[in-house]
Amino acid sequence: MAPVVWTDVSSLLDAACQDLEEGELIHGENFSLFAAMSALEIMDPKMDSGIKNSGYNSVDEAIENGVAPIPISFDKTVDVQCTLDVMDHLLACEATWHKGHSLAQTVFSCIYVLRLERTSSHSLLHSYCRVIRATSNAVISVVSDARTHEEEDLFTMAYGLTLKGEGDDKCLSMLNAVEETISRQLRACKATSSKKRVPEDIEPLQNDPDLEEGYCKALLCRIRFRKHFYHVLTSMRKPQGRGLELARKHIAACFTELTCMLKSLEVLRSTASGSHKDDTEDTTTASGRQPIGFDSSINNRLSAPIPPRSIKILSWKKAIEYFEKLLHDLDVICSFSLNPLFEDILRFVVRFQKLQPDLVARAHLQVLLVQDGKLYGRDPIFDVISRAAKLPEVPKNYNVQNNEFVVQLGQLVMNLLKILCTNAAWQRRKLGKVLQDWSVTSMQLEMAFRREFGELPSISVDENICMKLSKHLLIWAEEQTFWIASRFLMLGFELDLYSPSDYCMVYWYMYVILIKLSEKAQLKMVSSSDVVTRKGKKKRDHSKDIVREPPISPLVLLLQCYIYLAEGLTMMLAALRNERDAFKKPGVFNTEQERFIQHFDFLHKAHVPDNITYLMFSESTLQVHFSTLVKYNYFRDAQKIAKELRGSFASDPDRLAELKQIEQVAEYNWVALNVIGQVGANDPSLKISFEFNHHPCFAVAVVKRS
């Protein structure tokens, strides 16, 4: 078999990129669209990582050539220095792996981890590598259970490497023993410096007395971080969220140790010799030295042939930043009160996603939310739906939870929670698809409701209970359908999927969806209020009931704020399209109607809402002009309601921040609307653009004179 020969085509690719215009794809004979999209993966660091060939064909060959010596050095000072470098580089490799790169090219590029039995005589290195392997196994386990690894296909691939070995369950006891030994050495070092008597049986860590304290502290903070981080992972996996409080304590300890690790940077850099030290920010060790015992190509036979390039390992400082971010996200998860109210869970997950958590944190959230087909592993999904839909009390002899449509709703709820824990791009795609399932289930509920109770001349008590249940479930299912649709549209802004020329149609569609969502939310409140009112009255008093509309809830009023913002932006953009050429720029590759269909294809397939067409959008915005727009101030109404809602959400800082965003968007857009109206939209010196500096989904018009 002929050897594989690689040729560097970077210059050719650069030249091709210079010739291609935006939106164009390479096309040739027998080169399909799929092939073109696949070709775009060339040089992607995850899909086309490459691997630098060191010349070693196996781990044993690398060991024979002294790549990973044991003992590392007969000089105790050098041994400690090299061990610290291995620890730091492993941390950088672990962070790089978490970011989606191959486990074989990151953590398991360490020969000490691959041949753990060789380090048994080096207790410090042995215990550290063992806890690294145990931690990697714990992370893969949670990501696999959450099934979020499909976002990063490489993440859970072990390539046949040993992830769990005999004795890994004792890694913490080994680490504790090493920690105690180094702690005694540190105490002895401090006692010597203060001229206290030192026990003769305690040997120093290394040979230089001036470096002893700094090295002891550097090792201890790294060991303790590994110990506490492993405790975080195991505590968070305890069923029903029982380990969250303990996990928070270990997270706090991890932050303390990370701070100490950063403080050790100065000591370790000062002891590194100039010939082996790299002062750039890209170094993977605190000392700046290149670590020993690593070879990125050592596992290249476990993967397909790839170009002779190596992936870029995160720097040590970037790795520290990554773990700080991960721990913060995990702390947010642990601080959640495990509230069984479905609306609060949705709100928490959406707010959590704004932190842009990485894969590991999102996997932990999903595993916490859905366990054994139950919420948090304790609350049956039917109970969750009952509280969310405000179902009336059901007699014990009614086995409602086994109803076909209720079972379907339960499955949809669990699936929705899982989807909301994926990254933004996957989340939007999956929400668009699951929207059809929610829509179909809602239609099935409505058809069953009409079929069973639509033509009954008289309704018995049993039938009345079933009718109320069906009605409440139908309203709630429709409400969730429109909530998913609104989330789908808003994620498009977060992912920058809309161009400025599309904003008008998107806000128009968002306005339609929010109107429907508000109607369903208010209808649910009316239905539940009616049940409570009748339950509290005696039978003879029913004839005296006066029909009273319940007060509009603060959450519905909050929705009304967003409705006004969406309507106001739609009208403003429509007026700009009708009066200013720059805002009715035709698409290069497709028409506005085609873009309308492309953006809302998932919504149309799900009939959410039904009978919404491009013609409706076009007709509703065709005659909008600034001369008529300023007569009704949608932004002022949004701002007014937002200010009135402050009292209702006084104890909720997140809602108050949300209201502040609404007020800012409304105020700035009202000012911009007045300026455009006074100057005239056709004034060529007027430059109008839209920015998202106050809200991620609702734009603010910026008006400037050139």
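This note goes through the pockets, helix packing, sheet and backbone features of a predicted model.

1. Basis. The model is predicted: local features need pLDDT of at least 70, side-chain atom pairs count only at pLDDT 80 or more, and totals for chains, interfaces and linings use all residues. Residues are numbered from 1 along each chain as its sequence is written, and side-chain values use heavy atoms, with hydrogens and water left out.

2. Largest pocket. Its volume is about 1,200 Å³. A pocket here is an open set of points on a 1 Å grid over the protein atoms alone, with protein on both sides within 12 Å along at least five of seven lines; a cavity is a set where a 1.4 Å probe fits but cannot get out, and lining residues have an atom within 4 Å of a point. Points are joined across faces, edges and corners, and the volume is the space filled by probe spheres set on them.

3. Pocket lining. The lining has 37 residues, and those closest to the pocket centre are Arg347, Trp483, Leu558, Arg655 and Glu658. Two or more lining residues come from each of H11 (342-353), H16 (461-494), H17 (503-536), H18 (554-579) and H24 (653-679). H16 gives the largest share, seven residues. Helices (H or I, at least four residues) and strands (E, at least two) are DSSP runs, numbered from the N terminus. By class, the pocket lining holds 18 nonpolar, five polar and 14 charged residues. Ala, Val, Leu, Ile, Met, Phe, Trp, Tyr, Cys and Pro count as nonpolar, Asp, Glu, Lys and Arg as charged, and the others, Gly among them, as polar.

4. Cavity. There is one cavity of 30 Å³ or more, and the space in the largest cavity is about 30 Å³. Its lining includes Gly568, Met571, Tyr634 and Trp670. H18, H23 and H24 each supply at least two lining residues, with H18 giving the most, three. This lining has eight nonpolar residues, two polar and no charged ones.

5. Helix pairs. The axes of H23 (residues 634-644) and H24 come within 8 Å and cross at roughly 155°. Axes are lines fitted to C-alpha atoms, for helices over the stretch in contact, and angles run from 0 to 180 degrees between N-to-C directions. H23 and H24 are therefore roughly antiparallel (over 145 degrees). The axes of H11 and H14 (residues 404-419) come within 10 Å and cross at roughly 20°, so this pair is roughly parallel (under 35 degrees). H23 passes H24 in a left-handed crossing, and the crossing of H11 and H14 is left-handed too. Left-handed means that the near helix is turned anticlockwise from the far one by less than a right angle.

6. Sheet. Three strands form an open antiparallel sheet in the order S1-S2-S3. Strands pair if DSSP finds at least two bridges between them. S1 (370-371) and S3 (379-380) are the edge strands, each pairing on one side only. Two bridges join S1 to S2 (residues 374-375), and Gln371 has Lys374 of S2 as its bridge partner.

7. Backbone points to check by eye. The bond joining Ile70 and Pro71 is cis, with omega about -5°; Pro71 sits in the loop between H3 (59-64) and H4 (76-98). A cis peptide bond also runs from Val608 to Pro609, with omega near -20°, and Pro609 is in the loop between H20 (601-605) and H21 (614-621). Gln356 is not a glycine but has a positive phi of about 55°; Gln356 lies in the loop between H11 and H12 (359-369).

Note on methods:
Angles under 35 degrees count as roughly parallel, over 145 as roughly antiparallel, 65 to 115 as roughly perpendicular and the rest as oblique.
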